[in-house]
Amino acid sequence: MLKRISALVLAAVLTASCGSGGGATSATSSGDDTITMGFSQVGAESGWRTANTKSVQDSAKNAGVTLKFSDAQQKQENQIKALRSFIQQKVDIIAFSPVVESGWDTVLQEAKRANIPVILTDRAVDSKDTTLYKTFLGSDFVEEGKKAGQWLVEEYKSSTDPVNIVELQGTTGSAPANDRKAGFLEVVGADPKFKIIATQTGDFTRAKGKEVMEAFLKSNPDIDVLYAHNDDMGLGAIEAIEGAGKVPGKDIKIITVDAVKDGMQALADGKINFIVECSPLLGPQLMDLAKKVLKGEQVPPRVVTEETTFTQEQAKEVLSTRQY
Ligand code: AHR
């Protein structure tokens, strides 16, 4: 009897040691090939964000990656808590879309000390120490701002009259708000006829876009152009413009960024004049990068998403096949 119990204990000990990472080739904390990824999302502020969340969740499922998903509700402190919880849970890899650019060094150092690699998706951090993350996958937001400015320059090339622009900025301190502003200014700033007469954050939401546009309209009777850092704020602003008895797309020209379905519909309907695409479909590339990182393969420090722009005519052509 005693011999049988000893044999059982020995078998149990051997099983436990094999399952705790004994496999020399496995880079995952579970010791098998199943990757556990902790993903901290910004929130659910826009159509873009909803499409991005779906892309990450679907791609994790397709790639056999176990996803621990956390929604930060647009608050940095929630994201920091989520990252710390992922570290405590010993996930294999962390991916996150930072709500703002600054203030990440401490928690990223904690991840590094715990030997958990980090991938930035969609938005950048301003950390000087680039060893704190393996790669950054996402759009070139400065380029997006430049494309918005280039359309405007072309649209008004034969006019010397002043062009009064109002700007709805994204979340204050976020990479897309900082960069889309900078890229746009770099282009339109070269010609003094372009004047930004009002600029304020609309936090990337439709409700705030409407509210801020209502205020812009009250204090500025001569608005020629609205530049909104995303479709949702532009769509909220359209409601405000129509509420003020003006015609969006005609009385006030509108440029937005993203190209989500609702934005593209408004573009096809003539209410928006030009959209710069920002693709939220980052999931498949994210899963590929995560697998490579965990296998110890080299990944590029920066992976830029390929994107285009849409005029009203182009929107009519592609609307029915738009994925998001
Ligand atoms: O970071 C990407 C931006 O965040 C999208 O343009 C915007 O819609 C979202 O909320």
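**Entry 1: the ligand site**

The residues are E45, S46, W48, R49, D122, R123, F141, P176, R180, F204, N230 and D258.

A note on what I am looking at: this is a predicted model, in which local features need pLDDT of at least 70, side-chain atom pairs count only at pLDDT 80 or more, and totals for chains, interfaces and linings use all residues. Residues are numbered from 1 along each chain as its sequence is written, and side-chain values use heavy atoms, with hydrogens and water left out.

Next I looked for polar contacts (pairs of N or O atoms within 3.5 Å; within protein, one must be able to donate a hydrogen and the other to accept it, and residues adjacent in sequence count only if both atoms are side-chain atoms). The side chain of S46 has an N or O atom 3.0 Å from an oxygen atom of the ligand. For R123, the distance from a side-chain N or O atom to a ligand oxygen is 2.8 Å. R180 places a polar side-chain atom 2.9 Å from an oxygen atom of the ligand. I then checked the area: the ligand taken alone exposes 280 Å², and the protein buries 100% of that. Such areas come from the Shrake-Rupley method with a 1.4 Å probe; for residues, only the protein chains shown count as cover.

I found E45 in the loop between β1 (36-41) and α2 (47-63). Helices (H or I, at least four residues) and strands (E, at least two) are DSSP runs, numbered from the N terminus. Is E45 buried or exposed? E45 is buried, at a relative accessible area of 10%; buried means under 20%, exposed over 50%, and partly exposed in between (1.4 Å probe, protein chains only). The side chains of E45 and R49 are joined by a polar contact of 2.9 Å.

**Entry 2: the whole chain**

Of its 324 residues, 50% count as buried. Along the principal axes, the C-alpha atoms fill a box of roughly 95 × 40 × 30 Å.

I also looked at the UniProt record, an unreviewed entry, which lists residues 39-298 as "domain: Periplasmic binding protein". UniProt positions are given in the numbering used here, feature names are shortened, and annotations may be inferred rather than shown by experiment. The span of residues 39-298 is 45% helix and 19% strand, and its end C-alpha atoms lie 21 Å apart.

Because 10 of its 13 residues are buried, α8 is largely enclosed by the rest of the structure. Among the buried ones are M233, L235, I238 and I241. I checked the length too: at 1.5 Å a residue, the 13 residues of α8 (residues 231-243) should span 18 Å, and the end C-alpha atoms are 18 Å apart, which agrees. The expected span is 1.5 Å times one less than the number of residues. Just after α8, G245 takes a positive phi of about 80°.

**Entry 3: positive phi elsewhere**

K90 has a phi near 55° and sits in the loop between α3 (76-88) and β3 (93-96). K90 is exposed, at 57% relative accessible area. D203 also has a phi near 55°, in the loop between β7 (194-201) and α7. D203 counts as partly exposed, at 27%.

**Entry 4: two pairs across the sequence**

I looked at F69 in strand β2 (residues 66-71). F69 and F39 are 30 residues apart in sequence, yet 5.0 Å apart in space, C-alpha to C-alpha. F69 is partly exposed, at 32%.

My last stop was R322, in the segment after α11 (312-318). R322 counts as buried, at 12%. R322 and V56 are 266 residues apart in sequence and 18 Å apart in space, C-alpha to C-alpha.

How values were computed:
Near = heavy atom within 4 Å.
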